[in-house]
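Colleague: Hi! Could you walk me through this one?

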Amino acid sequence: MTETIELALKALEAQLNQPLETALEACARCGICAEACHYYRAEPRVEHIPAHRAEQLRSVYRYEHDFLSRMFPVWTRAEKLDETTLANLTEIAFSQCTLCRRCTVNCPLGVDTPLMMRAIRAMATAAGTAPEILVMLADAAIEKGNDPSFYKEMFLEQIADMEKQLREITGDENAGIPVEKQGAKILYVPLAGAHTILPPAVVFNAAKEDWTLSIFEASNYGVFLADVNRARQVAKRIVDEANRLGVKEIVISECGHAYACYRWDVPNWFAGRFDFKVRSLIEVLAEYIAEGKIKVDPTGIPESVTYHDSCNLARNGGLLEEPRYVLKNIVGDFREMTPNKAGALSLRRRRRDRCARRICRTKNRRRQTQGGPNQKHRCAGGRCCVRELPPADRRPERALQLERPCYRTDGSGRPRDAAAQTPARGGGGASFRRGTGWNSKDLGRV
Amino acid sequence: MSDSPKLTLDFKGLLCPMPVVKIAQAIKQVQVGELIEAVATDPGVMADIPAWTRSTGHELVALEKQDGKTFRFVVKRVK
């Protein structure tokens, strides 16, 4: 056994817990998951059935954990892990599954195929066969956390420039973007770049919120690698910052993966209770509107608009009502799209893949026939869906306008939606009620 | 080894993490000791590129804000 295979099997053993073992044992091979998978719907091949993908790991697991399978692998279709099998598993987990969990939601047994894909990703990362770019990005993020001093001065200069823009947009000389403000209520964690800092800053200032900006970005590439060690190191930067500043909550920007990471995974990784809660920016926006902290123009966007749910916020995070509540308050003609599902982030890596193109074509057709001319994406992953669409210059008749709520710009960088929001004139509406979780209607929709 | 960049790249309009991804791909196209110069518009490069050079061991020769909107950086391949 080579060192690579040894490391991969060691990672598999480390991953094994009750949920993973259940997923590895429980499949009834009914095939219902096939129709739930974007890949199978786009290209109906047996390799694109989630149960088939999972079976590739199951065969390795059987060989390692079942005496009969080890003695007579042909009888049980068990397979000894070797370099070829590991390369095949890596390709499946990183390039043929987006971990959108649509198969799990539609599985009668609730088999968590993405959990198995995560296990494979962890095996590949440990063995050194994971995509080099992801490893590099995760390591660079960890480096930023180890010593923020090497870029902090430049970061603060950029924030000072953004503050000038903020004051121009709001017309408020007192508007600001506080950084590392001790005792603030909210620690807002953006993605890198002004597009996720300036628009929320407009909203926070309009709502007179007691907030502060994180010096780190929300993205966590360790999650994509399923490498808990790296992911924990990346997340620790923000957890430590929140503890140091004594904030009451962390608000994560648009990124669905970052939200899922900090909302669901981080408490497990650190095995402790935190003095702060984690929310997505969309929850905060909905709350501000419901409580009257910001006043929005319901006719601010007169065009027809539809909304494309993101897998991590909607299916995995349960945030179904909040984005729709915000949209219904800022657009004149909001239309639901059925079915309404996302899960394209991993397509980013496979832009030239034929199947990925077909998935995007299917999604685009649905938007064309059911949605309005505008489409809203909630997550950064939605950016990938946006980029997959035909460019306007090539197929102008099919071009759509794709935007994310409150990040709409008019070409000058000015956030039109957010700029339309002004402080409420006193009084507050009813507090916004969170969704109550999954029900049959939700399952059908996403 | 030369002081002039072997490659000059334009990352204008690319958002994080694409400048880092592109420079990581480009670094393989030059020999050890050669330079790559790039221009980007995403302010995130001011933090991401130094972090990337630190984690990969390459040398950040220059990183500067040019005209308020673009950022120029020069990276030397070390290994």
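Modeller: Happy to, starting with a term: a crossing is left-handed if the near helix is turned anticlockwise from the far one by less than a right angle, and right-handed if clockwise. This is a predicted model, where local features need pLDDT of at least 70, side-chain atom pairs count only at pLDDT 80 or more, and totals for chains, interfaces and linings use all residues. Residues are numbered from 1 along each chain as its sequence is written, with chains lettered from A and ligands numbered from 1 in the order in which they are written.

Colleague: Which hand is the crossing of α1(A) and α10(A)?

Modeller: Right-handed. Helices here are DSSP runs (H or I, at least four residues), and strands are too (E, at least two), numbered from the N terminus.

Colleague: Which residues of α1(A) and α10(A) meet?

Modeller: On α1(A) they include L7(A) and A11(A), and on α10(A) they include A122(A) and M123(A). Contact means C-beta atoms, placed from the backbone, within 7 Å.

Colleague: New topic: is helix α17 of chain A mostly covered or uncovered?

Modeller: Mostly covered, as 8 of its 10 residues are buried. Buried means 20 or more other C-beta atoms within 10 Å of a residue's own, with C-beta atoms placed from the backbone.

Colleague: What covers the buried residues of α17(A)?

Modeller: The cover includes α13, β3, β4, β5 and α19 of chain A. Just after α17(A), G292(A) has a positive phi of about 75°.

Colleague: And how many residues does each chain bring to the contact?

Modeller: Chain A brings 16 and chain B 18. On chain A's side, α11(A) gives the most, with 7 residues.

Terms used
Buried ≥ 20, exposed ≤ 12 C-beta atoms within 10 Å, placed from the backbone. Contact = placed C-beta atoms within 7 Å.
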